[in-house]
Amino acid sequence: MNLRDHNRMLEGKREEITAWMKAKRNEVAIPIYGSVDVRDAGWKIGVVDANHFPAGFNNVSKENLAELSLLFKEHVHRSHPNCRWVHIYPESHTRNQGYVENISSIKAMIEEAGFLCTVGSPDLNGLHAMSGLSGPLVLEEVELNDNDELTVGGKIPDLMLLNNDLTDGEIPGIQNANITPPPHMGWFRRRKSHHYEALRPYINEISIMIGIDPWHLMPDYFVSENKCLTEEACRVKLAQEIDGFLDQLRQKYLTLGIEREPTVVMKNDSGTYGLGVMMLTSGSQILNLSNRKANKLRYAKGGAEVENFLIQEGIPTALATDAGETLEPVVYLVDGEAASWFYRINGKKSDMDNLNSPSARFENYEDSENPYIEQAHGWHALVAELSMIAMGAEAEAWQACDEGLNTTK
């Protein structure tokens, strides 16, 4: 089955899907923004990574700024109706010009939406500006008042927009703030596998509506817990788990007539920035890991040691440029809607490799020039928007967990 052969079937269900999406979005708090990496093999299209604190807004098309700003405005007016001032709390990547440009792009989107926007964090105090690709980004001094509230110029912003993934834990002064996305979705706590657990029921429901096997819209996966790669017994156990998973995928491929050997992606279940990622075609590759490669898998952003590994079905990409360079869509969403996207292109990688490496470049296409525009507005947008609903469900599950813990104290 190739999903591209069913584009007309998907469009025929458009009104029903739109109504279903609206109902599901009313059931959870939809994230203000997010981004997802999508892989499209033709026979399977799925989200392979979902970001709650997205970087990379500098790579989206400037032509999409008006739509992004409108969606941002609608979200804020609905969820924070008295908001006039939005303060961005960023990462501390002072030397990463691409990240700085991402914050500049978000700031431009917010200002286009009609809000006052400032940027800063305690870690950045003392800096008047950071250098972005298009010029300097002005920073504001941020302080904590006597009530441990974050202030800018002695005043509390109406809304704080978090663009910091909180790998190192929650930050003082934001716990009681009027803040979005919620800090409990930071990587100090969130797990990639939690997202798939939340996503699966939505994929199942929409697949019944469309009339396809849900397997075609989501990668299979499992979590290997407490695997210490420094000890041989742990590696042996992990290798056995991987081989068993590969056998299951091989049987599914055989059933569907997919003529290729399966690959799995081993990654940190809690983390970002493409760190600790390895492609595997056999469990024996874990047994024969060099110390250098084992250390790359064991450590995540900031030097945090990896506790659990997500073993995820690798989805090859069937998309390529005219020159044959491998590419994948990256979809950017505001208020749950797939409003913009660019393509990560990497001519040095195969159709199964992780494309998120220094050799990657990013390309925007006008709608009239995008060779994958039908897929972008169809299957790619569908799985991306389902991912945002699942992310909202994830956040509410963590909030309910916290509230339950508080009532038992």
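In which helix do Arg250 and Asp247 both lie, and how many residues apart are they? Before I answer, a word on the basis of this talk. This is a predicted model, in which local features need pLDDT of at least 70, side-chain atom pairs count only at pLDDT 80 or more, and totals for chains, interfaces and linings use all residues. Residues are numbered from 1 along each chain as its sequence is written, and side-chain values use heavy atoms, with hydrogens and water left out.

To the answer: both residues belong to helix α6 (residues 232-256), three residues apart, about one turn of the helix. Helices here are DSSP runs of H or I with at least four residues, strands are runs of E with at least two, and both are numbered from the N terminus. Arg250 and Asp247 form a salt bridge, their closest N and O atoms being 2.7 Å apart. The term denotes a side-chain nitrogen of Lys or Arg within 4 Å of a carboxyl oxygen of Asp or Glu. The structure holds 20 salt bridges.

I turn next to Arg190, which forms a salt bridge with Glu394, with 2.9 Å between the closest N and O atoms. Arg190 lies in the loop between β10 (179-180) and α5 (192-210) and Glu394 in helix α9, so the pair ties together parts that are 204 residues apart in sequence. Arg190 is buried, with a relative accessible area of 1%, and Glu394 is likewise buried, at 4%. Buried means under 20% relative accessible area, exposed over 50%, and partly exposed in between, using a 1.4 Å probe and protein chains only.

Finally, Glu369 is exposed, at 55%, and is placed in the loop between β17 (361-363) and α9 (373-408).
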